[in-house]
Every structure is written in structure tokens, then in C-alpha cells.
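Below are some notes for a colleague who is opening this entry without having seen it before. They are numbered so that each point can be checked against the structure.

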Amino acid sequence: MRSSSRFGSGAGAGVHVGDDPGAGEGRAVRGRILVLAAVLVAGLLAFHSAVPNVVGNLGSLLETFLPWLGLVVAALLVLALWRRAPAAIIAAALPAVVWGAMFGGSVFGGSVFGGSVFGGSVFGGSASVAGLAPVLTVLQHNVADDNPDPAGTARALAAAGADLVALEELTPEALPVYEAALAPKHPYHVVAGTVGLWSRHPLADGRPVDIKPKGITDDWNRGLRTTVRTPYGEIAAYVAHLPSVRIRPQDGFGTAWRDESAVALGAAIAAERMERIVLLGDLNGTLHDRGLSPLTSRLTPARAGFDFTWPAAFPLARIDHVMARGATPYDTWALPATGSDHLPTAARLRLG
């Protein structure tokens with residue numbers, strides 16, 4: 001009996017989880033998986049340009065939604081803290097630091113005070129800030145060719161107070177509506193195809209810019225260039241709407257036409273002789289997307305703020321941009337939704 005009792009006691013001690021070699025090995029494996037996942041996410045963030053576009057344009061697809069890797073980073077941190085494993089916590093902190101270095105300035109850059117929270121409008125128009133160079137405010141919006149309320153959209157844009165208003169996806173039916181609403185404060189405008197620019201200041205030398213991909217045979221004009229004669233000197237203004245991208249099983253992330261159009265627009269900007277340039281448009285790509293490098297390598301984007309612009313119902317990416325050369329874009333934000341599937345994008349340019 002005593003022997004049996006001692007045996008029973010020993011057997012009971014043997015089933016403690018803490019002493020189970022299999023359980024300990026399982027935890028170690030899960031810990032290694034967490035560490036490897038953290039290193040992989042950090043690598044994707046830091047070296048996204050190294051991901052090839054050979055198969056389905058995976059590199060560009062990753063770069064389009066790169067900020068959303070922050071959700072994966074947060075999940076890794078929660079798992080690491082839940083496990084209370086020092087190695088996993090340190091590993092999960094690595095992608096968090098990389099993400100913060102890449103996007104932290106955008107999140108905490110303070111642009112929400114410029115408009116996207118307090119009122120959502122461009123304040124003041126052109127002005128000269130004390131001790132600084134003159135400021136030009138600009139607004140760009142893909143108004144959507146199927147917009148059910150172009151009159152409401154036009155009124156919202158006219159009330160925003162910008163010096164320049166660039167529009168894409170203009171239709172012959174909606175164009176008179178925008179012309180009538182914008183004319184009182186923006187008496188000068190130029191339209192080429194489906195894009196247009198309205199201005200407080202005189203415009204000159206308006207002309208189309210050929211950014212049409214070779215594979216498109218239809219009548220297609222989505223680019224223009226004009227000179228804006230501001231009180232602070234002239235600036236070449238470009239308005240562009242690059243081709244849409246699609247995610248399809250047969251070819252993955254289809255960006256070929258968009259990329260070809262970006263090359264053509266980049267060449268036109270490279271040939272521009274005027275010192276100051278502003279580009280306003282729906283570029284159907286994010287700033288990290290390598291497909292826009294013909295533009296981002298030549299122009300300075302307005303980066304402050306973390307507002308996404310598309311789709312308007314639940315914005316996932318900023319594909320509507322303001323970029324400049326010879327002027328400093330120091331702020332940008334998204335305005336409230338209109339009848340379009342895009343949000344309007346506003347920015348300030350310092351004409352130093």
C-alpha cells in the first residue's frame with residue numbers, strides 16, 4: 001500500500017505541464033515563429049523596394065498598402081507581450097521602430113490642425129506669412145464621372161478657399177456646373193479632355209500634355225499644363241489623371257498603363273523650363289509605389305498628414321497628390337467627402 005501510494009504520488013507529479021518537455025518545445029517553436037515573423041515584417045517595411053515586380057507586380061502592391069503593415073506590427077506586439085517572452089518582445093519592437101521611423105512623422109506631423117479635423121477647408125488662400133515666403137493654397141479632386149451630385153461637389157470646392165482647384169474625371173454634362181460654381185472666386189480656368197484647372201490668378205499657355213499609353217486607342221486626354229501668374233511670380237501647373245490599376249487573377253496588380261503614363265508625365269516635367277512647378281492629380285499610386293518614381297524623383301511631394309483619399313467610404317490609400325519643384329509643399333490633408341469616390345486633397349505651397 002505504501003509502495004502504491006508513493007507510486008501514485010510520483011505519477012501525479014509527472015503530469016505537471018511545467019515539466020512536460022513537449023509543451024516546452026511547443027512554446028519554443030511558437031516563440032521562434034513570432035521572432036521570424038517580426039524580422040520578416042521589419043524587412044518588408046525597410047526593404048520594400050527589393051520585393052520584385054516579376055510576378056503580379058507584388059512589389060508595387062505591397063508599396064500601395066505599406067502603411068497598413070502597422071496592423072501586423074501591432075498584432076505582433078500584442079502577441080509578444082501576451083507571451084511575456086523577452087526575445088519575442090525585442091523582436092516585435094524591431095518592426096515597430098521601423099514603422100515609426102517611416103510613418104510616425106505623418107501620423108504626428110500636426111497637419112490635422114490644418115483642416116482635416118478643424119473644418120476641413122483650406123484657410124486663407126494665398127498669403128505671405130510673417131518672416132516666410134508667400135504661400136499658395138491648392139486643391140485637387142477627382143470628382144468622379146458618375147458623381148450623383150456635381151452641384152454639391154462644386155459648391156464644396158468653391159467654398160474651400162484655395163487659389164488653385166484642379167479637377168479630374170470631368171464630363172461634358174457636369175463641366176458647366178463646375179464652371180458656374182467656381183467662376184466667382186476662380187475666374188480663370190483651362191480644361192483639356194477630362195481634366196481642368198481653376199485659378200484666382202490669370203492663366204496663360206494652357207495646353208494638353210500627352211500622357212496616353214500606347215495601348216489605348218480611344219480618344220483619351222488626361223493631362224494639361226498651364227502657367228499661373230501669381231502676385232509672387234509665375235508657376236507651371238500640371239494637372240494629371242494617370243490610368244487606373246486593377247487587381248486581377250490573370251496578371252495580379254495591373255499597373256502597366258499607369259506606369260507608362262507616369263513615365264510620359266515625368267518626361268514632360270523634366271523638360272519644363274520654368275523653375276517653379278506644381279503637379280496636382282489623381283496618380284493612382286501611393287508615394288512609396290515605385291511606379292511613380294518618374295515623378296517622385298523629380299518633384300517634392302506634400303507629405304505631412306496621414307489622410308488617405310480612396311475609396312471615400314473607407315479610405316485605404318492616398319492616391320491623390322500635390323507635388324512641386326521650386327516651391328515647398330509643407331502641408332497636405334484630405335477634405336470631407338463629396339459625391340465622388342475620392343476625397344479632395346488640399347495642400348499649402350511656400351513659394352520660396
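1. The lining of the largest pocket consists of 29 residues, and those nearest its centre are His241, Ser244, Val245, Arg246 and Asn284. The volume of this pocket is about 570 Å³. Sorted by class, the lining holds 11 polar, 9 charged and 9 nonpolar residues. Please keep in mind that the model is predicted.

2. Asn284, one of the residues nearest the pocket centre, deserves a separate look. Asn284 sits in the loop between β11 (277–282) and α9 (293–296). Its phi is near 50°, which is a positive value in a residue other than glycine. Is Asn284 buried or exposed? With a relative accessibility of 10%, Asn284 counts as buried, because the cut-off for that class is under 20%.

3. As to the overall make-up, the protein chain contains 9 helices and 15 strands. Of its 352 residues, 47% are buried. Among contacts with a separation of 6 or more, 66% are between residues 24 or more positions apart.

4. The largest nonpolar core has 22 residues. Which of them touch the most other members? They are Val138, Leu164, Leu197, Val278, Leu280, Val322 and Leu349. Strand β8 (residues 233–241) supplies the largest share of this core, with 3 residues.

5. Leu349 shows what surrounds one of these core residues. Beyond its neighbours within four places in sequence, Leu349 is in contact with Pro134, Val135, Leu136 and Val138, among others. The list of its contacts also includes Val278, Val322 and Ala324, as well as Thr328, Pro329 and Tyr330.

6. Thr345 belongs to strand β15 (residues 345–350). Its relative accessibility is 1%, so Thr345 counts as buried. Not counting residues up to four places away in sequence, Thr345 touches Val138, Leu139, Gln140, Thr309, Asp320, Thr332 and Trp333. Thr309 is 36 residues away along the chain, and the two C-alpha atoms are separated by 7.4 Å.

7. Thr332, one of the residues that Thr345 touches, is part of strand β14 (residues 328–334). Thr332 also counts as buried, at 1% relative accessibility. Where does its side chain reach? The side chain of Thr332 reaches the backbone oxygen of Ala346 at 2.8 Å.

8. Ser261 is located in helix α8 (residues 256–270). Its relative accessible area is 0%, so Ser261 is buried. At 2.7 Å, the side chain of Ser261 reaches the backbone oxygen of Ile211.

9. Ala42 is a residue of helix α2 (residues 21–46). It counts as buried, with 7% relative accessibility. Pro95 lies 53 residues from Ala42 in sequence, yet the C-alpha to C-alpha distance is 4.1 Å. Leaving out residues up to four places away in sequence, Ala42 touches Leu94, Pro95 and Val98.

10. Helix α6 (residues 150–158) has Gly152, Thr153, Ala154, Leu157 and Ala158 as buried residues. What do these residues pack against? The buried residues of α6 pack against β2 (134–142), β3 (164–168) and α7 (175–182).

11. Ala144 is placed in the loop between β2 and α6. Its phi is near 75°, a positive value in a residue other than glycine. Ala144 counts as buried, at 5% relative accessibility.

12. Pro311 is in the loop between β12 (300–301) and β13 (320–325).

How values were computed. Residues are numbered from 1 along each chain as its sequence is written. This is a predicted model: local features need pLDDT of at least 70, side-chain atom pairs count only at pLDDT 80 or more; totals for chains, interfaces and linings use all residues. Side-chain values use heavy atoms; hydrogens and water are left out. On a 1 Å grid over the protein atoms alone, a cavity is a set of points where a 1.4 Å probe fits but cannot get out, and a pocket is an open set with protein on both sides within 12 Å along at least five of seven lines; lining residues have an atom within 4 Å of a point. Grid points are joined across faces, edges and corners, and a volume is the space filled by probe spheres set on the points. Ala, Val, Leu, Ile, Met, Phe, Trp, Tyr, Cys and Pro count as nonpolar, Asp, Glu, Lys and Arg as charged, and the others, Gly among them, as polar. A nonpolar core is a set of buried Ala, Val, Leu, Ile, Met, Phe, Trp, Tyr and Cys residues joined through side-chain atoms within 4.5 Å. Buried means under 20% relative accessible area, exposed over 50%, partly exposed in between (1.4 Å probe, protein chains only). Helices (H or I, at least four residues) and strands (E, at least two) are DSSP runs, numbered from the N terminus. Contact means heavy atoms within 4.5 Å. A polar contact is a pair of N or O atoms within 3.5 Å; within protein, one must be able to donate a hydrogen and the other to accept it, and residues adjacent in sequence count only if both atoms are side-chain atoms.
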